[in-house]
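Hi,

Here is the structure I said I would pass on.

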Amino acid sequence: MSTKKPINRIRVVLAEQDRTNKWLAERVGKSRTTVSRWCTNEMQPSLETLREIAEVLGVDIRELLVPTKA
């Protein structure tokens, strides 16, 4: 298991909205594999893509990020 800390909360927000990786992939024009790697924090979307994801999900972009301060 990776010791990297999660950066994004895309998986959490998708679950809260009862949406799937496939649904998001179709909306942002990316492969399901790419979206899956974002959801597991193996890789991160660009800021432009993160903004697009926020718009598709109807959330503030900050909701997609893990806070750096408590």
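Aspartate 60 comes out as partly exposed, at 33% relative accessibility. Keep in mind that this is a predicted model. The partner of aspartate 60 is arginine 62: the two form a salt bridge, with the closest N and O atoms 2.9 Å apart. Arginine 62 counts as exposed, at 64% relative accessibility.

That pair is one of five salt bridges in the structure. Another links arginine 37 to glutamate 42, where the closest N and O atoms are 3.7 Å apart. Here the arginine, arginine 37, is partly exposed at 36%, while glutamate 42 is exposed at 52%.

Then there is glutamate 26 with arginine 27, whose side chains meet in a salt bridge at 3.6 Å, N to O. Glutamate 26 has a relative accessible area of 51%, so it counts as exposed (the cut-off is over 50%). Arginine 27 is partly exposed at 41%.

Helix α2 (residues 21–28) packs against helix α4 (residues 47–57) at about 115 degrees, and their axes are 10 Å apart. Angles of 65 to 115 degrees count as roughly perpendicular, so that is the label for α2 and α4. Their crossing is right-handed. On the α2 side the contact involves Trp23, Leu24, Arg27 and Val28, and on the α4 side Glu52, Ile53, Val56 and Leu57. By type, six of these contact residues are nonpolar, two are charged and none is polar.

Cheers

Note on methods:
Residues numbered from 1 in each chain as written. Predicted model: local features only at pLDDT ≥ 70, side-chain atom pairs only at ≥ 80, totals over all residues. Heavy atoms only, no water. Axes fitted to C-alpha atoms, helices over the stretch in contact; angles between N-to-C directions. Helix = DSSP H or I, 4+ residues; strand = E, 2+ residues; numbered from the N terminus. Parallel < 35°, antiparallel > 145°, perpendicular 65-115°, else oblique. Left-handed = near helix turned anticlockwise from the far one by under 90°. Contact = heavy atoms within 4.5 Å. Nonpolar A, V, L, I, M, F, W, Y, C, P; charged D, E, K, R; others polar. Salt bridge = Lys/Arg side-chain N within 4 Å of Asp/Glu carboxyl O. Buried < 20%, exposed > 50% of the residue type's maximum accessible area, 1.4 Å probe, protein only.
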